[in-house]
Amino acid sequence: MSAGKSRTRLWFLWHSWLAMPIWAFLFFICLTGTIAVVSTEITWLVDPSMRASGDGEPLPPSALIAAAEEAAPGGRVSSLSWGGSHMAVGAEMAMPDGTFTTAWVNPVSGVVQGISSGASFRQFIRALHGWLMTYPTGWYLVTLLAIPLVGSLVTGLVVYKRFWKSFYQPRIRWNQAPRVMWGDLHRVAGTWSIWFIAVIAVTSLWFLIYIALFHLGIGLGGSKAPVMVARDSIPVTATAPKVDADAIVASAMAALPDMRLRYMRLPDTAYDTASVIGSSGQVPLLPDILRIDPYTAEVMAVEGGLDGASGVELTRTIMRALHTGDFGGLPIKLVWFAFGSLMTLLVFSGMLIWMKRTARATVEAVRGLKLARGSSNA
């Protein structure tokens with residue numbers, strides 16, 4: 001090989017090496033995203049204050065609020081979250097100094113089992129995965145990975161002929177050389193993850209397009225006017241009107257008897273409605289959101305389902321649910337975690353294969369350049 005061709009080959013290999021940070025970044029995002037799927041469950045495993053037996057009749061929301069506020073003097077509960085019979089109820093409170101804290105209340109006994117201050121592990125890992133703790137720059141950096149992800153999926157299907165054989169004849173040669181073993185792992189993991197990679201790539205691409213249009217001032221439409229309490233309906237009192245949390249939840253459950261209660265937010269101002277969020281199972285990807293008059297406990301609006309929602313709203317909600325796997329309880333989360341782990345392995349194995357091939361080719365190109373120079377000098 002001539003010196004010119006060897007030099008060109010070496011430049012091409014340097015070009016290949018410079019792509020390494022992109023795939024390392026993709027590996028990091030896949031890893032943090034996989035952890036984020038089960039971040040609540042991880043916290044539950046390591047923090048005993050979040051655990052509950054679930055044996056017995058659950059207490060009404062008012063009792064949970066009273067217990068939380070008694071444990072944190074001066075705090076005012078702004079929301080309650082139910083994670084299931086195995087989890088304590090999270091009571092988020094606004095404190096007098098402007099900070100927020102969460103009291104974990106046993107749903108049956110009403111005992112405050114612990115108080116957490118600051119961002120939770122779930123919030124931290126999702127912020128790290130979603131926008132690298134730097135919005136909006138990090139959001140763009142993360143969602144731009146959808147482009148090489150889509151490209152890798154398409155080119156992988158073209159390169160690996162008859163890839164579908166890995167569905168019924170998966171072959172991993174564990175006793176062969178590492179390059180062979182990692183190559184087999186890459187093909188098998190890629191085949192079984194096709195549907196999952198497509199879901200993550202398409203939803204990530206949606207996030208990229210949506211935020212880009214938003215910052216360009218090109219709205220997709222579909223937004224609704226917020227539901228507010230009419231001024232004439234607000235009680236005139238010397239102190240802040242009392243809100244009956246029990247009546248709010250009872251009204252929501254009467255409107256949707258099959259709904260599994262997940263979240264209740266109390267109004268921040270006199271004009272705000274109370275919000276109750278749950279899932280009735282009618283459309284798993286779409287949560288049920290009820291806006292309720294905090295003074296009369298009247299249901300003012302039911303949102304989140306197929307009725308009355310615009311195409312953009314439905315798409316936004318469905319894309320988020322598909323990306324996070326947070327729409328079918330723990331079984332769906334475990335499926336997303338398993339395939340997220342497989343996808344992370346896929347990126348890692350691809351990096352190893354690529355590095356070995358590129359490293360070997362780089363060594364050969366350097367040797368060829370030295371030989372070509374030696375021949376020309378001779």
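Arginine 51 lies over the face of tryptophan 44, at 5.7 Å from the ring centre; a charge is taken to sit over a ring if NZ of Lys or CZ of Arg is within 6 Å of the ring centre and within 35 degrees of the ring normal. This is a predicted model, in which local features need pLDDT of at least 70 and side-chain atom pairs count only at pLDDT 80 or more, while totals for chains, interfaces and linings use all residues. Residues are numbered from 1 along each chain as its sequence is written, and side-chain values use heavy atoms, with hydrogens and water left out.

The protein contains 13 helices and eight strands, where helices (H or I, at least four residues) and strands (E, at least two) are DSSP runs numbered from the N terminus. Of its 378 residues, 38% are buried, buried being under 20% relative accessible area, exposed over 50% and partly exposed in between, with a 1.4 Å probe and protein chains only. Among contacts (heavy atoms within 4.5 Å) with a separation of 6 or more, 61% join residues 24 or more positions apart.

**Aromatic pairs**

A search of the whole structure finds eleven aromatic pairs; rings of Phe, Tyr and Trp (its six-membered ring) pair if their centres lie within 6.5 Å, and planes under 30 degrees apart count as stacked, over 60 as edge-to-face and the rest as tilted. Two of the pairs involve tryptophan 195 and are set out here.

| Pair | Centre to centre | Angle of planes | Class |
|---|---|---|---|
| Trp195 and Phe196 | 5.6 Å | 80° | edge-to-face |
| Trp195 and Trp336 | 5.6 Å | 70° | edge-to-face |

Tryptophan 195 lies in helix H10 (residues 194-215) and tryptophan 336 in helix H13 (residues 329-377), so their pair ties together parts that are 141 residues apart in sequence. Tryptophan 195 is partly exposed, with a relative accessible area of 36%, whereas phenylalanine 196 is buried at 4% and tryptophan 336 is buried at 7%. Ring pairs also bring in Phe327 and Phe339, linking them with Trp195, Phe196 and Trp336 into a cluster.

**Nonpolar cores**

A nonpolar core is a set of buried Ala, Val, Leu, Ile, Met, Phe, Trp, Tyr and Cys residues joined through side-chain atoms within 4.5 Å. The largest such core has 27 residues, and those with the most contacts inside it are Leu80, Met264 and Val276. Among the elements that each supply at least two residues of this core are helix H4 (61-71), strand E2 (89-94) and strand E5 (260-265). A second, separate core of 24 residues includes Leu26, Phe196, Ile197 and Met343.

Leaving aside neighbours within four places in sequence, leucine 80 is in contact with residues including Pro61, Ile65, Val89, Tyr263 and Met264. Serine 78, which lies in strand E1 (residues 76-81), is buried at 2% relative accessibility, and, with the neighbours within four places again set aside, serine 78 is in contact with Glu92, Met93, Met264, Arg265 and Leu266.

**Helix H12**

The 14 residues of helix H12 (residues 311-324) should span 20 Å at 1.5 Å a residue, which agrees with the 20 Å between its end C-alpha atoms; the expected span is 1.5 Å times one less than the number of residues. The buried residues of H12 include Val312, Glu313, Leu314 and His323, and just after H12, glycine 325 takes a positive phi of about 75°.
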